[in-house]
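Please read this briefing alongside the sequence and the 3D view. It goes from the whole chain to single residues.

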Amino acid sequence: MVMINLYGVELHKLEELMIGEEQKKFRATQLFTWIYEKKATGFDEMTDISLKFREVLKEKYCLIKPTIYTKQVSTDGTIKCLLNVKNDDKVETVIMRYNYGNVICISSQVGCNMACTFCASGLLKRKRNLDVEEMVGQVLVMNDLLSEENQRVTHVVVMGTGEPFDNYENVLDFVRIMNHPKAFAIGARHITVSTCGIPDKILRYANEGLQINLAISLHAPNDEIRSKIMPINRAYPLDKLMPAVREYERIAKRRVTFEYILLKDVNDRMEHAEELARLIKGTLAYVNLIPYNPVDEHGYKRSNNVHAFLDKLTKLGVTATIRKEFGTDIDAACGQLRAKHVEIHEN
Ligand code: SAH
């Protein structure tokens, strides 16, 4: 019999499981409190649960976290780990120290199928989706490291390896566990899901009634450039993506963040800034400009126009910021660390 890892069970599902075990519904909240608030690592610690039911729990359920395979710490405090998850698969997870808190960047899949031409994650194709417990596990492991400094994860971004909307249900259960007051209690506005732009999933997300932030990897002001650097754009071009964004804003009453990687001579000219301003006109969205973190295998270069691009957008009335860079002395770009190790150890 396969044991159920409770780190992967969202509260409503845990209530159903408990009812299936002929327990009262509140048993689920009690377990959540033990697991997340009191940080129990085994069922014997749960002293207000009857011995008899603890035996049942021990037989059918478990609490298993990923283990650390490699750990790198940057001079700026960024921690990047390659974690061993199930089947000995490896995923990256990163902690960045902003002045407002500790932000964890979560991987949602083992590898990625989106094949963006600038990204290291796509160097290795998707092997599988991560289970909920493997995403929650990334936060648990980083919290263990941070607890040595009396700190904890305060913000979550699902921006690591993988396309979260290609693993929709698991990612949603994961964010529910992050958000739940009896679990990680991380405010919805401190959680961000980043997608390459899958219109039907954006609409589904809009209707979840969550206050969680949505970021869209736009990276280009027109279809010609976007299709070249993001193959997903051939399936969902801008005339499909942009209406979904506008609809999201209408339904969720939230604005999105457009991420825009500046690649030298590809999408960083002043005319691109003008075209971008026209493209997003009428949305509430703002633009987060991302200095490119070069990936040797791809040959793109960092743009010299980052500040000029920002100024241009600002003059055109677009709210924009430049993303702060972290961990430039370690393998910071998404997928880099894993690509290196999986190459060495699996080939
Ligand atoms: N698939 C999702 C989430 C993972 S990528 C998405 O596309 O949004 C998270 C963000 O990191 C995306 O905006 C992605 O384009 C960006 N990114 C990928 N490689 C990068 C690199 N080498 N330098 C800077 N940003 C990068």
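The points below cover the overall fold, the sheet, the cores and a few single residues.

This is a predicted model, in which local features need pLDDT of at least 70 and side-chain atom pairs count only at pLDDT 80 or more, while totals for chains, interfaces and linings use all residues. Residues are numbered from 1 along each chain as its sequence is written, and side-chain values use heavy atoms, with hydrogens and water left out. The chain holds 12 helices and 14 strands; helices (H or I, at least four residues) and strands (E, at least two) are DSSP runs, numbered from the N terminus.

**Overall shape**

- Along its principal axes, the C-alpha trace spans about 70 × 45 × 35 Å.
- Of the 347 residues, 56% are buried; buried means under 20% relative accessible area, exposed over 50%, and partly exposed in between, with a 1.4 Å probe and protein chains only.
- Among contacts between residues at least 6 apart in sequence, 65% join residues at least 24 apart; a contact means heavy atoms within 4.5 Å.

**The sheet**

- An open sheet of 10 strands runs in the order β3-β4-β5-β6-β9-β10-β11-β12-β13-β14, with mixed pairing. Two strands pair if DSSP finds at least two bridges between them.
- Its edge strands are β3 (67–73) and β14 (320–322), each pairing on one side only.
- Neighbouring strands of this sheet are turned by 20° against each other on average, direction ignored. Axes are lines fitted to C-alpha atoms, for helices over the stretch in contact, and angles run from 0 to 180 degrees between N-to-C directions.
- Helix α4 packs on the sheet and touches β3, β4, β5 and β6; its direction makes about 50° with that of β5.
- Helix α6 (residues 199–206) also packs on the sheet, touching β10 (191–195) and β11 (213–217), and its direction makes about 170° with that of β11.

- Strands of a sheet pair through backbone hydrogen bonds, either parallel or antiparallel.
- β4 and β5 pair in the antiparallel sense over 6 bridges, and C81 has T93 in β5 as its bridge partner.
- These two strands form a hairpin with 5 residues between them, and N87 in the turn has a positive phi of about 55°.
- β5 and β6 are antiparallel over 5 bridges, joined by a hairpin through 2 residues. M96 stands opposite V103 in β6.
- Because 7 of its 9 residues are buried, β5 is largely enclosed by the rest of the structure.
- β6 (residues 101–105) pairs with β9 in the parallel sense over 3 bridges; the bridge partner of I104 is V156 in β9.

**Nonpolar cores**

- A nonpolar core is a set of buried Ala, Val, Leu, Ile, Met, Phe, Trp, Tyr and Cys residues joined through side-chain atoms within 4.5 Å.
- The largest core has 106 residues, and those with the most contacts inside it are V136, F174, F184, F258 and V287. Helix α4 contributes the largest share of this core, 9 residues.
- Apart from this core lies another, of 6 residues, among them V94, M96, V103 and C105.
- Not counting residues up to four places away in sequence, V287 touches F258, Y260, L276, I280, L313, V318, T319, A320 and T321.

**Single residues**

- L11 is found in helix α1 (residues 11–20) and is buried, with a relative accessible area of 8%. Beyond residues up to four places away in sequence, L11 touches A28, T29, F32 and H180.
- Most residues other than glycine have a negative phi.
- D88, which is not a glycine, has a positive phi of about 60°. D88 lies in the loop between β4 (79–84) and β5 (90–98) and counts as exposed because its relative accessibility is 51%.
- N150 also has a positive phi, near 55°, and sits in the loop between α4 (132–147) and β9 (155–158). At 76% relative accessibility, N150 counts as exposed.
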